[in-house]
Protein chains: 2
Amino acid sequence: MHTIDELQDKVKELFENRSYMGTPNELYEPIQYSLSQGGKRLRPLLCLMSCSLFGGDLKEVENSAIGLEIFHNFTLLHDDIMDQSPIRRGMPSVFNKWDTNTAILSGDTMFVIAYEYVTNTNPDILVDTLLAFNQTAKEVCEGQQYDMNFESEQNTDISDYMEMIRLKTAVLIAAAMKIGAIAARAQKEDLDKIYDFGILIGLAFQLRDDYLDAFGNVDIFGKAIGNDILTNKKTFLYLKAYENADLKTKEALDNAFTTNDPKLKVESVLKLYHSLGIESLTRSKIIELHDQALIILNDINRPESEKAEINNFLRHLIKREV
Amino acid sequence: MHTIDELQDKVKELFENRSYMGTPNELYEPIQYSLSQGGKRLRPLLCLMSCSLFGGDLKEVENSAIGLEIFHNFTLLHDDIMDQSPIRRGMPSVFNKWDTNTAILSGDTMFVIAYEYVTNTNPDILVDTLLAFNQTAKEVCEGQQYDMNFESEQNTDISDYMEMIRLKTAVLIAAAMKIGAIAARAQKEDLDKIYDFGILIGLAFQLRDDYLDAFGNVDIFGKAIGNDILTNKKTFLYLKAYENADLKTKEALDNAFTTNDPKLKVESVLKLYHSLGIESLTRSKIIELHDQALIILNDINRPESEKAEINNFLRHLIKREV
């Protein structure tokens, strides 16, 4: 198996200097802009990692790995319109820099380009790769719809939330790993295991993102702290706080979330999160998900050293400290 | 070969009572709404027709035919947002009935469903089918971008327009026919011929649509007459009028197109179109395209009676009277 550093170099190489330009320029320039911004390239990395774990040839999965990243970026273009998010990776989002129509149509085109890459796969694994990709693409749309529904729903609970982030975030991470394993011609049983592993890692990763939005360091997080609080987003933290609050604290949460002054609002909510132990409850949940993922990883019949390498990377990703 | 009536029955059967529902309901209801409205189902019909012409088994191409229609409807959902068109097939468009976010996300989901159908194709023809589909999907996006660019461009001419409608409309019709021929395992040479035939028919079909918008009968056309005139859309008619007008008539066209009163505007423009012979010039161009298409069809080595059946249908489609 390749080391994580080798895989990260490989991912870098895959995207470095890749051009997405074409005509008309107005259509392709936002695509080039979006895909040149970098980001973690987590999905292609996990895709290559899984292929490597199962002893596959990375060349067999490179195009799918690129396609998965382009698909992910396509969803960001459209999500940013729907959520009216002006900033993405510290830069103006596409709909903000250009306009809504541009973000719709350049996004659609990115979706086709993603399929072009995924289609450019060895024919003997094409059907399985496409079935995994199609199912995931549909579920990601379903997740975004649930996310939008949550805004107007009153009775959202943690289990609804976990299902929403499973669809919106975790399935694509899981599919990236499954597609890597398909390219390595892994057994059906192993495909299912690495997929389930990816789901748990994806959930932990999203909770880590929720956590950092409230308790992170702006320099590391790359986004403003407290954005979820300012937009009253029903995150794990928000739902856990309401779940654990007594009547009086619920009222205090209501008051905090309706505060007009942004600075005061974030402070008030964070103080209540602190008093309710939300920071450690969230970390516990992340550790629980990671532990469940490890049980599955242990059950995969591959060399211990290689599984340990993957696990080390993931510990780092979700910043597990215990 | 099947008769056109048999093929039309087959298309009807493919879409009748087909459910696209799923959860969450908010995502799938607009998809069901869009795909239940009917429309001409021209692309699946031409796809089956081409498969039949080359002696193929229709079962081999049914899923792609369905996928092509779903893809077409996906583009309508997004185009209607971009063009702010409130009405589609005499009903409120999805963005108008629901909202922009719904039309974006349900549209994206339809795109995935289209790929699900196309993927569900015999593996030995899957790669060729997908290559044709991917290329076309990208070109349709490019066509829509050119269409939007035209609104703000001053120097659009007829050749720009023909290239725009080639991408926006004709390539999907051509791809439908090519995919039908792929399913019939037609020779590479025949795939190219039926594709080129489809391009010419697609162009003629779009010019017929432009023509009907100005000179049609509202009951037959199913849309309000003069909509292109009211929105100053740079159609073949518009561009031909400016191309053929002397300075004085150009000024009259400018005045007519800036008239505020809608009824008067349509009347003034139509009067100028009449004086410039636009009706017959457009019909001549449609006939020219159809004649070019016939030359290609004649060159395909299939029984004359079968080619005549296709040609009769297309004469009817573009209402060629001479």
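Analyst: Gladly! Let's begin with helix 12 (residues 236-244) of chain A and helix 15 (residues 278-298) of chain A, whose axes come within 10 Å and cross at roughly 115°. Axes here are lines fitted to C-alpha atoms, for helices over the stretch in contact, with angles from 0 to 180 degrees between N-to-C directions. Helices are DSSP runs of H or I with at least four residues, numbered from the N terminus. This is a predicted model: local features need pLDDT of at least 70, side-chain atom pairs count only at pLDDT 80 or more, and totals for chains, interfaces and linings use all residues. Residues are numbered from 1 along each chain as its sequence is written, and chains are lettered from A and ligands numbered from 1 in the order in which they are written.

User: Which residues of helix 12 of chain A and helix 15 of chain A make the contact?

Analyst: Residues are in contact if their C-beta atoms, placed from the backbone, lie within 7 Å. Helix 12 of chain A brings F236(A), L237(A), K240(A) and A241(A), while helix 15 of chain A brings I278(A), L281(A), T282(A) and K285(A).

User: How do I read another pair, helix 3 of chain B and helix 4 of chain B?

Analyst: Two packed helices are described by the angle between their axes and the distance between the axes. Helix 3 (residues 42-53) of chain B and helix 4 of chain B have axes that come within 8 Å and cross at roughly 155°. They are therefore roughly antiparallel to each other (angles over 145 degrees count as such). R43(B), P44(B), C47(B) and L48(B) in helix 3 of chain B meet residues of helix 4 of chain B, including I66(B) and L68(B).

User: How many residues does each chain give to the contact?

Analyst: There are 31 residues from chain B and 31 residues from chain A. On the side of chain B that touches chain A, helix 7 of chain B gives the most, with 15 residues.

Key
Contact = placed C-beta atoms within 7 Å. Helix = DSSP H or I, 4+ residues; strand = E, 2+ residues; numbered from the N terminus. Parallel < 35°, antiparallel > 145°, perpendicular 65-115°, else oblique.
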